[in-house]
Amino acid sequence: MNAMKTYRRALTIAGSDPSGGAGIQADLKTFSACGCYGMSAITAVVDENTVGVTGVHPIPVDFVSGQIKSVIDDIGVDAVKIGMLHSSEFILAVRDTLAGYGISNIVLDPVMVATSGDPLLQEDAVATLKAELVPYARVITPNIPEAELLLGRRLESQDELPDAARELSQGRRVSVMLKAGHLHDEELVDIFYNAETDEILRLSSLRLDTPNTHGTGCTLSSAFAAFLAHGQSLNEAARNAKDYITAAITSGSAYSIGHGHGPVHHFFRFWE
């Protein structure tokens, strides 16, 4: 009898976006597009669309921990992506729950502000995220505003990003994918600092004039986690995640959906 096939398994721990472009919906689409079996533990139900966030309804903390345990105890995981956790209580609960499983591939998207500008993390939780969860991850994927909150200072140019990525990693041994999209250069150069090899990768793409950028952070971090689940090295996963999000943004720019920031095209490889 032939041995049964196995899936590459990826778990997202994040909030839900009913409009389908960000949060767990974007994560699950990305996992599927990148060849993984996707699972989710929902931390909050978010009332939002492409225009903005109207409200956040957190799921009880114990119930979030229960979702994580149920999935890992039964199915297991090859990589975990962590998104919106909303409060210090959630941050500590997720860290403590995952700590019992010895999972190495944890990608943290330090979600603090939505694409629309609406806050998604309580102000007092930023310090908890920085001190308690960032050091526990293998990779973090901040954009410029998130990096500024974590660093406590402004970032004005792409020349600053390599040193900023190293600074975000300092004392934590966490690798950093620092995204340049909020700067204004025509060529965007994301910086990946590999803390395990002390390397800097410069991952460039041309800026595309499109409003369809809803969920780009969720999508990039989920792609990174998916490629790690496939056993790729950090550098391979970083390059492939950058290529995936660039193509998803490019393909998504051809579509009109919603009245605000539309989504990227997660399934560009499969749909014409």
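Tutor: Let's start with a term: a nonpolar core is a set of buried Ala, Val, Leu, Ile, Met, Phe, Trp, Tyr and Cys residues joined through side-chain atoms within 4.5 Å. This is a predicted model, so local features need pLDDT of at least 70 and side-chain atom pairs count only at pLDDT 80 or more, while totals for chains, interfaces and linings use all residues. Residues are numbered from 1 along each chain as its sequence is written, and side-chain values use heavy atoms, leaving out hydrogens and water.

Student: Which residues have the most contacts inside the largest nonpolar core?

Tutor: That core has 49 residues, and the ones with the most contacts inside it are Leu 11, Ile 13, Ile 68, Val 80, Ile 82 and Leu 98. Apart from it lies another core of 30 residues, including Val 139 and Phe 224.

Student: What does Leu 11 touch, not counting residues up to four places away in sequence?

Tutor: Taking contact as heavy atoms within 4.5 Å, its partners include Phe 31, Met 39, Ile 68, Val 77 and Val 80.

Student: Why does Ala 22 count as buried?

Tutor: Buried means under 20% relative accessible area, exposed over 50%, and partly exposed in between (1.4 Å probe, protein chains only). Ala 22 has 7% relative accessibility, so it counts as buried. It sits in the loop between strand 1 (9–16) and helix 1 (23–33); helices (H or I, at least four residues) and strands (E, at least two) are DSSP runs, numbered from the N terminus. Beyond neighbours within four places in sequence, Ala 22 is in contact with Asp 17, His 214, Gly 215 and Cys 218.

Student: And why is His 86 called buried?

Tutor: Its relative accessible area is 14%, so His 86 is buried. This residue is in the loop between strand 4 (79–82) and helix 3 (88–99), and its phi is near 75 degrees, a positive value in a residue other than glycine. Most residues other than glycine have a negative phi.

Student: Is Arg 173 buried or exposed?

Tutor: With a relative accessible area of 57%, Arg 173 is exposed. Arg 173 also has a positive phi, about 55 degrees, and is found in the loop between helix 6 (161–169) and strand 7 (175–178).

Student: How do you know that the chain agrees with a compact globule?

Tutor: Radius of gyration is taken over C-alpha atoms, and the globule rule is 2.2 Å times the number of residues to the power 0.38. For 272 residues a compact globule would come out near 19 Å; the chain has 17 Å, so it agrees. Buried residues make up 54% of the 272.
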